[in-house]
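Here are a few notes to read alongside the structure. Take them one at a time, and turn the model on screen as you go.

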Amino acid sequence: MENFITIKENVQTEIVVKKSKFICNLIKVDTQKEAEDIIKQFKKKYYDARHNCVAYRLVEDNNLIEKSSDDGEPSGTAGGPMLNILQKNNLCNIVCIVTRYFGGILLGTGGLVRSYSDATLSAIEIVEKVEKSIGFEFEVELEYNNLETFKYYCKINNIFIKDIKYFDIINCKIQLEEVNKVKLVEDFETKKINLIDLKFLYKKIIDKCIIK
């Protein structure tokens, strides 16, 4: 996946449908092991609930991993619809867990699909989201008197300064999208930006922008 959207912080919401309570938790993850560990934790936390239905999508080692579980609800009425919502919203690196406390009234298959979908959407609608894209991380060395100029250069060229360390010279870690890489290297080589050194570190998934 070249681009996807994830959440900035974990979030929990709750809806009630015909006396059944649906608690939705959206949790950030980076690996499948982390996702599975979180699911175990939440099933233990909500051990007294009738169902803990799950959907997750994540990118690990450049592979897209997707999984869903109805956790005892009729097949296709819970985890599948939850996963479908994540897919439609291009959401990734997220575990979605909807916990149901049964209220004594049967909802039917259509009612279950709507309820688990609405619970998932209630969390997605309020959470702050971050667009991710394939990018690069570089290490930059520069003199103190060139720092403010370099900060402005980064600002107008959509380069994120991840970290600044102050030694005899300044050392910065920067992240940028693939489309901006060629210009950065060219500007360094032609001295359009005054840097002591520019060193490529690695290709990685980076933050692109915040989505309110």
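1. Let's begin with the lining of the largest pocket, sorted by class: seven residues are nonpolar, three are polar and seven are charged. Keep in mind that this is a predicted model. The pocket itself has a volume of about 360 Å³.

2. The largest share comes from β10, with four residues.

3. Next, have a look at T31. You will find T31 in the loop between β3 (20–28) and α1 (32–45). Is T31 buried or exposed, or something in between? Its relative accessible area is 28%, so T31 counts as partly exposed, a class that runs between the 20% and 50% cut-offs. If you set aside the neighbours within four places in sequence, T31 is in contact with L58 and E60. D118 is another matter: it stands 87 residues from T31 along the chain, and the C-alpha atoms of the two are separated by 26 Å.

4. N63 belongs to strand β5, which covers residues 63–69. With a relative accessible area of 47%, N63 is partly exposed, because the label "exposed" is kept for values over 50%.

5. Now for a backbone detail, starting with K19. This lysine sits in the loop between β2 (11–17) and β3. What is the phi angle of K19? It is near 75°, a positive value in a residue other than glycine. K19 has a relative accessible area of 64%, so it is classed as exposed.

6. Where is K191 found? Look in the loop between α5 (178–189) and β10. The phi of K191 is near 65°, again a positive value in a residue that is not glycine. At 63% relative accessibility, K191 counts as exposed. From there you can follow the chain to β10 and return to the largest pocket, where β10 gives four residues to the lining.

How values were computed: Residues numbered from 1 in each chain as written. Predicted model: local features only at pLDDT ≥ 70, side-chain atom pairs only at ≥ 80, totals over all residues. Heavy atoms only, no water. 1 Å grid on protein atoms, 1.4 Å probe; cavity = no way out; pocket = protein on both sides within 12 Å on 5 of 7 lines; lining within 4 Å. Points joined across faces, edges and corners; volume = space filled by probe spheres on them. Helix = DSSP H or I, 4+ residues; strand = E, 2+ residues; numbered from the N terminus. Nonpolar A, V, L, I, M, F, W, Y, C, P; charged D, E, K, R; others polar. Buried < 20%, exposed > 50% of the residue type's maximum accessible area, 1.4 Å probe, protein only. Contact = heavy atoms within 4.5 Å.
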